[in-house]
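Please look over the sequence and the structure shown here, and read the report below beside them.

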Amino acid sequence: MEIVSLISLWFIPVLIGFILVYATFKRVPTYESFVEGGKDGIKIAISIIPFLVGMMVAIAIFRASGALEFFLDFIRPVFVAIGIPADVIPLAIIRPISGNAALGMTTDLIAEHGPDSLIGRMASVIQGSTDTTFYVLTVYFGAVGIKKMGDALKVGLLADLAGFIAAILIVLIMFA
Amino acid sequence: MINVIWAGLAIIGIVFAMINGTISDVNEAIFKGAKEAVTLCIGLISILVFWLGMMKIAEHAGLLDKLAKLFKPFISRLFPEVPKDHPAMGYILSNMMANLFGLGNAATPLGIKAMEQLKALNGESTEASRSMITFLAINTSSITLIPTTIIAIRMNYGSASPTDIVGPTLIATICSTISAILIDRYFYYRRSRKG
């Protein structure tokens, strides 16, 4: 587990250093390229505002009313028995359906429990470990006019499930 | 589907608050939630600008193409029905590399190009081919090197080490991708046995 922590710490600086060295050797106008790409970053951050406002308000209502606690109390005994905090289960359910909704939920969990809590870390890893299956299938199959999806949805959702289990186990092993 | 979930969350919450006597909490939560979301997005700008800037350098330097070439022998084994030098292969590889580096916006058009080529290989049928299912299975399980947005959110909420989830996320994402490949293979052999 030491190695995983070490990778977490070194990965980003080493990758950035490598990209810059490589690009300089290839005579890429690094600073100009950086600025060009950076503009996209602003666009993305601004464009997700409505998604996050909508979802975070809905979740805030659900939580503040006491409905979330009520629901979690139902499923808690089952998941606590196997050592999983029940709070991450709604996130696991919503992750394959909508990426931005899941991002809102992850943010809510991090804000509520703290980024360095077990739940905060679990939410972080779940959010990052799979993509939004329904979105990917809709966009890709829709764009080229495929009407019969075959086993694609089943495969995607089962892989998501495997990803969640992996995410939960790894966080439990490393941080519990 | 997401519409029902979204409206459902708010409606159930409001009805629950009426019964539960928590309506004033809900009132407060609405405005707090909206404000928090906007503050968060503004905070995300810093990391997103930096990361997408770096990735553009990698793209211009040809790093993505280089990696695509490196991975080609492995990836082409996953798509036995796609000829090695078919344009579909190129698009599949570029799409995977863009996803790997978190360039979601660049990945989608490449992925659609790949799907068009795969459809042509499948005689323009409107049914999903074996290769399409494999491609999307890998795509939905997503191999992302660095979960930039999550790191930014963790920073915003004062994490002592916002990047300590990079390693675990990498392991989890590899697990989900390997599972996707295995599950896809399992379903393929089940289909072909049925004929």
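Predicted model: local features only at pLDDT ≥ 70, side-chain atom pairs only at ≥ 80, totals over all residues.

Residues 155-175 of chain A are 100% helix and 0% strand, with end C-alpha atoms 30 Å apart. Both stretches come from the UniProt record, an unreviewed entry, which gives the annotation "transmembrane region" to residues 6-23, 44-62, 74-94 and 155-175 of chain A.

## Overall build of the two chains

Chain A contains 9 helices and 0 strands, and its elements, read along the sequence, follow the pattern α-α-α-α-α-α-α-α-α. The C-alpha trace of chain A spans about 60 × 50 × 35 Å along its principal axes. Of its 176 residues, 45% are buried, and among the contacts in chain A with a separation of 6 or more, 62% are between residues 24 or more positions apart.

Chain B contains 8 helices and 0 strands, which run α-α-α-α-α-α-α-α from the N terminus on. Its C-alpha atoms fill a box of roughly 65 × 45 × 30 Å along the principal axes, and the radius of gyration of chain B is 22 Å, whereas a compact globule of 195 residues would have one near 16 Å. Buried residues make up 51% of the 195 residues of chain B, and residues 24 or more positions apart account for 62% of the contacts in chain B with a separation of 6 or more.

## The annotated gate domain in each chain

For chain A, the UniProt record (unreviewed entry) lists residues 46-147 under "domain: Nucleoside transporter/FeoB GTPase Gate". In the model, this span of chain A is 76% helix and 0% strand, and its end C-alpha atoms lie 34 Å apart.

For chain B, the UniProt record, again an unreviewed entry, lists residues 42-152 under "domain: Nucleoside transporter/FeoB GTPase Gate". Residues 42-152 of chain B are 76% helix and 0% strand, and the end C-alpha atoms of this span are 11 Å apart.

## The contact between the chains

The contact between the chains draws 90 residues from chain A and 89 residues from chain B. On the side of chain A that touches chain B, at least two residues each are supplied by α1 (2-25), α2 (30-47), α3 (49-64), α6 (99-113), α7 (118-129), α8 (133-144) and α9 (152-175) of chain A. Sorted by class, this side of chain A holds 56 nonpolar, 22 polar and 12 charged residues.

## Helix α2 of chain A

Helix α2(A) has 18 residues and reaches 26 Å from its first C-alpha to its last, which is close to the 26 Å expected at 1.5 Å a residue. Its buried residues are S33(A), F34(A), G37(A), G41(A) and A45(A). Seen down the axis of α2(A), these buried residues fall within an arc of 115°, so they line one face of the helix.

What do the buried residues of α2(A) pack against? They pack against α2 (23-60) of chain B. On the face of α2(A) turned away from the buried side, the exposed residues are E32(A), K39(A) and S47(A).

## Two loop residues with positive phi

Most residues other than glycine have a negative phi, and most peptide bonds are trans. R27(A), a residue other than glycine, has a positive phi near 60°, and R27(A) lies in the loop between α1 and α2 of chain A. R27(A) counts as exposed because it has 8 C-beta neighbours inside 10 Å, the cut-off for exposed being 12 or fewer.

In chain B, E124(B) is likewise a residue other than glycine with a positive phi, in this case near 55°. E124(B) is found in the loop between α5 (104-121) and α6 (130-141) of chain B. With 10 C-beta neighbours inside 10 Å, E124(B) also counts as exposed.

How values were computed: Residues numbered from 1 in each chain as written. Chains lettered and ligands numbered in written order. UniProt positions renumbered as here; feature names shortened; annotations may be inferred. Helix = DSSP H or I, 4+ residues; strand = E, 2+ residues; numbered from the N terminus. Contact = placed C-beta atoms within 7 Å. Nonpolar A, V, L, I, M, F, W, Y, C, P; charged D, E, K, R; others polar. Rg over C-alpha atoms; globule rule 2.2 N^0.38 Å. Buried ≥ 20, exposed ≤ 12 C-beta atoms within 10 Å, placed from the backbone. Expected span 1.5 Å × (residues − 1). Arc of directions from axis to C-beta.
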